[in-house]
Amino acid sequence: MKNIFGLLVLTAMFLSSCNKEGCTDAGALNYNSEAKVDDGSCTYQTFTTDVNFWLSTGWSTYFISNSITEFRIYIDNEYVGSLDVNDDSPGIPECYTGGFTNNFNIGTVEGVNVPYRVNQVNSSGDETVLLAGSVNMYDNTCLHIEILD
């Protein structure tokens, strides 16, 4: 009887070690080399970029004379905020000290090319595309995009 019980315990231990669950992706932050079954718990490093949209003093005067009141900013086709036409800067501002800055999560891969769009809004509330483009985003950087006609 002891032999049968011992055999059962050894068999259970062997089978449980074969099915050890955990993160099986070597590229994940919590990779477990002992895991045999992926349990969906993998976590990955994510990257963020600061994108600063700014308006020079000269362009501010130009837009005001053309009845533009604000700029609405879209990153990756999502509205992220706006910049008032009077929020101008004499030169390229540091991120978060001038213009409009958005901290954008670029996911798990650096160098992602992300589209942006700046719409101008006139005093009647009409919104039209002023600028459109794309930028390559890298982790912990501050990108500057000047708003001009």
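Asn140 is placed in the loop between β8 and β9 (142-146). The model discussed here is a predicted one.

Q: Why is Asn140 called exposed?
A: The relative accessible area of Asn140 is 68%. Exposed means over 50%, so Asn140 with its 68% is exposed.

Q: Which other loop residue has a positive phi, and where does Asn77 lie?
A: Asn77 has phi near 65°, a positive value in a residue other than glycine. Asn77 belongs to the loop between β4 and β5 (78-84).

Q: Why does Asn77 count as exposed?
A: Its relative accessible area is 61%. The cut-off for exposed is over 50%, therefore Asn77 is exposed.

Q: How many helices and strands does the protein have, and what pattern do they follow along the sequence?
A: The protein has two helices and nine strands. Read along the sequence, the pattern is α-β-β-β-α-β-β-β-β-β-β.

Q: What share of the protein counts as buried, and what share of its accessible surface belongs to carbon and sulfur atoms?
A: Of the 149 residues, 32% count as buried, a label that requires under 20% relative accessible area. The accessible surface comes to about 9,000 Å², and 52% of that belongs to carbon and sulfur atoms.

Q: What share of contacts between residues at least 6 apart in sequence joins residues at least 24 apart?
A: Among those contacts, 56% join residues at least 24 apart.

Q: What makes Glu34 and Lys20 a salt bridge?
A: The N to O distance between their side chains is 3.0 Å. A salt bridge requires a side-chain nitrogen of Lys or Arg within 4 Å of a carboxyl oxygen of Asp or Glu, so the pair of Glu34 and Lys20 qualifies. This pair links distant parts of the chain, 14 residues apart: Glu34 is in the loop between β1 and β2, and Lys20 is in the loop between α1 (2-18) and β1.

Q: Why is Lys20 labelled partly exposed?
A: Lys20 has a relative accessible area of 34%. Buried means under 20% and exposed over 50%, with partly exposed in between, so Lys20 is partly exposed.

Q: How many salt bridges are counted, and which partners does Arg72 have?
A: The count comes to three salt bridges. Arg72 pairs with Glu70, the closest N and O atoms being 3.3 Å apart, and with Glu127 at 2.5 Å, N to O. The limit is 4 Å, so both pairs count as salt bridges. The pair of Glu127 and Arg72 links strand β8 (residues 127-137) with strand β4 (residues 68-75), 55 residues apart. Salt bridges that share partners join Glu70, Arg72 and Glu127 into one network.

Q: Why can such side chains pair?
A: Side chains of opposite charge can pair when their charged atoms come close.

Q: Are Arg72 and Glu127 buried or partly exposed?
A: Arg72 has 23% relative accessibility, and Glu127 has a relative accessible area of 30%. Buried means under 20%, so Arg72 and Glu127 are partly exposed.

Q: Which residues form a negative surface patch?
A: The patch is formed by Glu21, Asp25, Asp38 and Asp39. Asp38 is placed in strand β2 (residues 37-38).

Q: Where is Thr57, and with which residues beyond four places in sequence is Thr57 in contact?
A: Thr57 is in helix α2 (residues 57-65). Thr57 is in contact with Asp88, Ser89 and Pro90. Thr57 and Pro90 are 33 residues apart in sequence and 5.6 Å apart in space, C-alpha to C-alpha.

How values were computed. Residues are numbered from 1 along each chain as its sequence is written. This is a predicted model: local features need pLDDT of at least 70, side-chain atom pairs count only at pLDDT 80 or more; totals for chains, interfaces and linings use all residues. Side-chain values use heavy atoms; hydrogens and water are left out. Patches are made of residues with over 30% relative accessible area and no salt bridge: like charges are joined within 9 Å, nonpolar side chains (Val, Leu, Ile, Met, Phe, Trp, Tyr) within 5 Å. Accessible areas come from the Shrake-Rupley method with a 1.4 Å probe; for residues, only the protein chains shown count as cover. Lys and Arg count as positive and Asp and Glu as negative; His and the chain ends are not counted. The place of a charge is taken as NZ of Lys, CZ of Arg, CG of Asp or CD of Glu. Buried means under 20% relative accessible area, exposed over 50%, partly exposed in between (1.4 Å probe, protein chains only). Contact means heavy atoms within 4.5 Å.
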